[in-house]
Structure formats: structure tokens, C-alpha cells
Amino acid sequence: MNNIPVDQDDLDEMTERQLLSHANKSNQQRKKGKTLVKQKGSQQIIKTVNPFIEAEYPFTYHASLHDKQWLMESISEFYDQKWFEDILSVVKGGKEATVYLCRAPERIGKPLLAAKIYRPRMFRNLRKDHLYREGRENLDVNGKVILDERAYHAMQKRSAFGLELLHTSWVGHEFLTMQVLHEGGVDLPRPYASSNNAIMMDYIGDEFNAAPALNEINLTPSEARPLFQRVLHNIELMLACNRVHADLSAYNILYWDGEITLIDFPQAINPEENHNAWRIFARDVQRVCDYFKAQGVACDAPSLAIKMWKAKGRATQPEIDPHFLDPEKDEDRRAWQGQKK
Ligand SMILES: Nc1ncnc2c1ncn2[C@@H]1O[C@H](COP(=O)(O)OP(=O)(O)OP(=O)(O)O)[C@@H](O)[C@H]1O
Ligand SMILES: [Mg+2]
């Protein structure tokens with residue numbers, strides 16, 4: 001019998017089964033208040049996990065018992081560190097994460113914050129995650145690169161421990177990307193703190209309504225053109241930071257008080273490190289143009305994408321990895337010379 005998965009879809013199914021069984025085991029242990037033993041690098045970390053006591057749930061938001069437990073596990077660390085004072089409501093449950101509205105402490109200088117909490121199920125939706133992971137470092141909970149060999153093998157094998165590291169790496173990657181882009185002046189929620197499955201960030205909206213995404217609204221003709229220019233400006237700012245959003249569309253651009261805010265960055269790529277960057281970039285520009293065209297803005301996505309991409313001297317042809325070239329063949333030598341120019 002052959003147990004080795006043959007393609008990415010098989011891998012994803014296996015991943016999900018493993019995650020579920022891992023989550024069940026952890027839950028059983030937790031209910032019994034057992035000690036969890038985790039491998040971290042070459043060290044063993046022994047952690048006593050206390051069973052969840054419902055009477056100690058401190059937040060205004062009424063969640064199901066399961067979600068209360070999930071919330072406490074996910075963000076009690078932020079609560080202890082006083083990043084927020086209360087959870088008020090659910091903003092939205094996305095495919096990969098649920099976003100909660102939180103009351104901020106005074107020192108933040110804003111009344112409300114958003115907490116984005118990932119679900120382990122996120123792996124199911126990342127069928128092509130290898131496309132985005134290319135060239136990417138695996139990050140630990142502090143956004144540091146994981147260099148430990150045992151951790152690396154666990155991730156390759158997708159063992160329960162490896163899956164946990166991969167999950168944390170996606171969250172760490174989103175947080176790091178948000179920090180870089182915030183420094184670069186991109187219109188996005190300011191990121192404040194991250195844990196192994198959650199990020200605290202600025203909330204867009206007010207206490208009654210969260211900002212809608214562009215796909216939920218129609219713009220007036222006088223608004224559409226300048227907002228389109230603003231999105232293009234943001235795409236250029238991201239390129240200047242060596243980042244491509246990689247899931248940009250009207251679904252991931254919020255609208256509030258006449259302004260736009262880009263969200264949802266876990267799959268962002270660095271065009272210097274990813275061979276598919278041009279294709280992924282052109283798709284982002286196409287999706288943005290599709291929305292604004294429907295709002296009456298005349299635009300040609302392919303030529304806009306080429307103009308922005310080439311402005312930084314980037315080539316629109318993917319480079320060929322020299323490992324695939326044969327120096328004995330004239331054709332391959334020419335390709336290599338052309339690539340080096
Ligand atoms: N900072 C924020 N302020 C207000 N609303 C937000 C914020 N971040 C996210 N949201 C809302 O939560 C939804 C889910 O967030 P996000 O897109 O980051 O997660 P996701 O799980 O990847 O979602 P999806 O898979 O649906 O794209 C968004 O579509 C948006 O409506
Ligand atoms: Mg989204």
C-alpha cells in the first residue's frame with residue numbers, strides 16, 4: 001500500500017484530518033487538565049494546561065461554550081498584556097479567521113480594536129499554499145526565522161507538531177507583512193501584537209457597523225476614480241516594500257468615511273523570492289480593475305500591471321532556476337545569458 005500523498009489536494013486532506021485529530025487529542029487533555037508536552041526546537045517544554053472554567057469567562061460577547069474556550073485560548077494572552085479590555089461582538093467570520101470587535105484600553109488612543117483569530121481549518125483553504133510559500137522563511141511565534149532542523153523536518157513531514165509550526169508561521173507572516181507595509185505608508189489597519197493564532201490591529205468602522213468591503217457597496221462616480229487611483233498607489237507602495245498582496249480584490253478592501261483600507265495579508269509574497277510573482281501580481285491588478293470597471297472607471301488591467309511592474313525594472317517572464325538548465329545545450333546557455341542581463 002502506498003501512503004504517500006501524490007498531490008497537493010491529497011496533502012490538504014491529510015493535513016485537515018491530522019489537524020482535527022490533533023485538536024481532539026489536545027481538547028481531551030485540556031478537559032482533564034493534563035500536562036502538555038511540546039517539542040520546541042531541541043528543547044522539551046512542559047506546560048500545565050488548566051481546564052476552562054466558564055464562570056471565569058470575562059467578556060461581554062456571548063459565545064457558544066466551544067467558542068468561549070477557543071477565545072480564551074487564543075487571546076487571553078493579549079487580555080493579560082492589556083491589549084484590550086473586552087470583546088464586544090463578532091465583526092465577521094471569514095474562511096480562515098474570525099474577526100472580533102474589542103474595546104481598547106485608553107493608552108491605545110482609540111476606543112476600538114479588531115482581533116483576527118485564525119482557525120486551524122485554514123489549511124483547507126490554502127490548497128495552493130506552496131505557491132505562496134516559495135522562497136519564504138518559516139517564522140516562529142515571535143516572527144523569527146525557524147532554523148532548527150528538527151522543526152524543519154516536522155514541517156516537511158506535516159506531523160502534528162510540524163502543522164502547528166506551519167500554522168504559526170502563516171500568522172507570523174501576516175503580522176510581519178503588516179508591520180513592513182505599515183512602515184511603508186500603505187493604507188492598512190495598524191498591527192499591534194501577534195500570538196500563535198491571533199493578531200490585534202486597528203478596527204475600521206464604529207461600534208454599530210464595521211466597514212463594508214468594496215464588493216458590498218457601489219461607489220458614486222465622483223468617488224470611484226480617486227479611490228481607484230488610491231488603490232493603485234497602495235499597490236505601488238507595496239511593490240516598493242517588495243510585497244505583492246496576492247489576494248487583492250474588492251473583498252479585501254474596506255471602505256469607511258470615503259477612504260479605503262487594505263486587509264488580509266497571510267498569503268502576501270516577496271516578488272524577489274517567488275517565481276510566480278508576476279502572474280500573482282497581474283491577477284491582483286485584474287481583480288481590482290474588474291471591480292472599478294463595474295463602477296464606471298475605464299481601465300486596462302494588463303497594461304496597468306505591466307507599467308507598475310516594469311517601473312521597478314522587474315521582468316514579466318519568470319526566471320528559470322539554473323538547476324533546470326543544461327550548460328551543454330546552446331538553447332539553455334542563451335536562456336541563462338538572457339536571464340543574467
Ligand atoms: N481591521 C478590521 N476592521 C474591521 N473589519 C475587519 C478588519 N479586518 C477584517 N475585517 C472583516 O473581517 C473579514 C475577515 O477578515 P480577513 O479578510 O482578514 O480574514 P479571512 O478569514 O482571510 O477572510 P476571507 O477568507 O473571507 O477573505 C473581512 O472581510 C472584514 O469584513
Ligand atoms: Mg478576506
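**Chatting about the magnesium site and the cores**

Me: Which protein atoms are the donors of the magnesium ion (ligand 2)?
Reply: They're N252 (OD1) and D264 (OD), lying 2.2 to 2.3 Å from the ion. Donors here are N, O and S atoms within 2.8 Å of the metal (3.2 Å for Na, K and Ca), and water is not among the atoms, so sites may look incomplete. This is a predicted model, where local features need pLDDT of at least 70, side-chain atom pairs count only at pLDDT 80 or more, and totals for chains, interfaces and linings use all residues. Residues are numbered from 1 along each chain as its sequence is written, and side-chain values use heavy atoms, leaving out hydrogens and water.

Me: Are N252 and D264 buried or exposed?
Reply: Both are buried, meaning under 20% relative accessible area with a 1.4 Å probe, protein chains only (exposed is over 50%, partly exposed in between).

Me: New topic: how many residues does the largest nonpolar core have?
Reply: 55, and L214, F281 and F292 are among those with the most contacts inside it. A nonpolar core is a set of buried Ala, Val, Leu, Ile, Met, Phe, Trp, Tyr and Cys residues joined through side-chain atoms within 4.5 Å.

Me: And what does F292 touch?
Reply: L214, L219, A224, L227, F228, V231 and V297, not counting residues up to four places away in sequence. Contact means heavy atoms within 4.5 Å.

Me: Which residues are in the second core?
Reply: That separate core of 23 residues includes Y61, M72, F84 and Y100.

Definitions and conventions
Chains lettered and ligands numbered in written order.
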